[in-house]
Amino acid sequence: MLISRALRGESAAYEEIVQRYQQIAFRTAYVVTGSSADAEDATQEGFVKAFRALDRFRIGAELRPWLLRIVANEARNKIRSSGRRHQLELRLTEGFRPGDAAPSPEAVAVASDERRRLLELVNSLSEDDRKVIASRYFLELSGEETAAALGVPEGTVKSRLSRALARLRARVEQEAARA
Amino acid sequence: MPDLEQRLVELGQGLEWPATPRFRVEQLIPAPGEVGRPMRTTPSLPRWALAAAAALLIVAIALAAFPPSRTAIADWINLHVSIQKVQTLPTPTPLPSGALGSQLGLGLPFTLENAQRQVRWHIEIPADLGPPDAVYVRTLPSGGEVTLVYARAIGIPVAGETGVAVLVTEVRGTIRGDYFAKQLGQDATIEQVTVHGRPGYWLAGSPHVVMFQDASGEPVPDTLRLATNTLIYDSGDGTITRIEAYTTRERAIQIANSLPVR
């Protein structure tokens, strides 16, 4: 088990942990800070703190939520200490097409336009709503991990997510009615 | 999963995220005897750099205790640094080729608009060069560093194998700063210049490192990516601007003068 090997001081094992989780850790920190620079710092500092705290990790527990909690804490500290608040704004990758099918150019254009409009609606929500939606659906974090990322209890994640989805759904329906 | 939630998951799969930096264990795990000390991606300062920085800092503070002019301090630093040569030089590590500037270790690529969101100062574009071909942002030095990369510029050749003609770097320098220091290689010369009425330096030949005080007050060495003629000056508002290119002092100053005054 990786964590046991890392606890025995095998740096290769910790390196594997870093490689495995660096992307999700960095993106989680990015969702929290809205700044890639702050996210990079927070992730790095989080990995350092996690390494130092390895002996306190409860064997048998899930490693990923534990790591994400540490990194997200660092990300929130970063915002507090710098006094900066970047607005999280997400963009679509150009040319992205989900699925393996080869739809017609018209279908691609329609789907692309729908995604763009949905993202605009997400971006129009409040910061708290955006963060909970980004954590849960865009990063596909578990409820426990989302709670760790946002620094709130899991129950709060559920209620916050429910309200955010309701507001988003209302805006989607409003836009559909206007169209 | 209800339709809206499914659509959000699919939307997430097509989002553009900033590139994940590579976190290397040797930068994360403290070396034996260094437990408890935070590790940063910034390379540790060589002894010569620390010694030079400490000496410059002490004298700068001593001078600051009197009311000398800013020029007097800059003159002193210029004289002092110009006679200090180092035998071994750090050189940029060659990296695999890729997008323009990606092999130069300039940080993460951003659009200009997104780069602006990463830093607290307003990124200025030299009118002489126009919009950059690529923009990179680094977290460190403290306060951040933005580099505008140009593949072409009138009258300036492309540098070596990099495919880059000009690099314009804006870095958060000393806020109370009346000093920055430089360490040059033996193949470089230094000359004091003025840009927008502010003190600057023209480094000609093959300078490899500039040294300055970052936003947190730490002396920081920064590798010159093209290792060629470089204009560096205090652009005001706590920011230092650097222009690297195989060009003349006059052309570099022309580019600098096309930047708005902060």
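These legends accompany close-up views of a predicted model.

**View 1. Where chain B meets chain A.** Let us start at the interface, in which 30 residues of chain B are in contact with 39 residues of chain A. On the chain B side, four elements each supply at least two residues: α1 (3–13), β1 (15–16), α2 (25–28) and α5 (112–118). Of the chain B elements, α1(B) gives the most, with 9 residues. Sorted by class, the side of chain B that touches chain A has 16 nonpolar, 8 polar and 6 charged residues.

**View 2. Strands pairing between the two chains.** Strand β1 of chain A, residues 91–92, pairs with β1(B) in the antiparallel sense. The pairing runs over 2 bridges. To find your place, look for A:L92, which stands opposite B:L15 in β1(B).

**View 3. Helices α7 and α8 of chain A.** Here α7(A), residues 143–150, packs against α8(A), residues 154–178, with the two axes 8 Å apart. The angle between them is about 95°, and values from 65 to 115 degrees count as roughly perpendicular, so α7(A) and α8(A) are described as roughly perpendicular to each other. From α7(A), the contact is made by A:G143, A:E144, A:T146, A:A147 and A:L150, while α8(A) brings A:E154, A:V157 and A:K158. By class, this contact has 3 nonpolar, 2 polar and 3 charged residues.

**View 4. Along helix α8 of chain A.** How far does α8(A) reach from its first C-alpha to its last? The span is 36 Å for 25 residues, close to the 36 Å expected at 1.5 Å a residue. The buried residues of α8(A) are A:V157, A:R160, A:A164 and A:L168.

**View 5. Two loop residues with positive phi.** In chain A, the residue to look for is A:E140, in the loop between α6 (127–138) and α7. Its phi is near 55°, a positive value in a residue other than glycine. A:E140 has 14 other C-beta atoms within 10 Å and is therefore partly exposed. In chain B, turn to B:H196, in the loop between β7 (188–195) and β8 (198–205). B:H196 is not a glycine either, yet its phi is positive, at about 55°. Is B:H196 buried or partly exposed? B:H196 counts as partly exposed because it has 17 C-beta neighbours inside 10 Å.

**View 6. The open sheet of chain B.** This sheet has 8 strands in the order β2-β3-β4-β5-β12-β11-β8-β7, with antiparallel pairing. The edges belong to β2 (108–110) and β7 of chain B; each has a single partner strand, so one side of each is left without a neighbour in the sheet. Neighbouring strands are turned by 20° against each other on average, direction ignored. Within the sheet, β5 (residues 166–172) and β12 (residues 239–245) of chain B pair over 7 bridges in the antiparallel sense. As a landmark, B:T169 has B:R242 of β12(B) as its bridge partner.

**View 7. A:A53 and its loop.** Finally, A:A53 lies in the loop between α3 (36–52) and α4 (63–82) of chain A. A:A53 counts as exposed because it has 11 C-beta neighbours inside 10 Å.

Definitions and conventions: Residues numbered from 1 in each chain as written. Chains lettered and ligands numbered in written order. Predicted model: local features only at pLDDT ≥ 70, side-chain atom pairs only at ≥ 80, totals over all residues. Contact = placed C-beta atoms within 7 Å. Nonpolar A, V, L, I, M, F, W, Y, C, P; charged D, E, K, R; others polar. Pairing = 2+ DSSP bridges. Axes fitted to C-alpha atoms, helices over the stretch in contact; angles between N-to-C directions. Parallel < 35°, antiparallel > 145°, perpendicular 65-115°, else oblique. Expected span 1.5 Å × (residues − 1). Buried ≥ 20, exposed ≤ 12 C-beta atoms within 10 Å, placed from the backbone.
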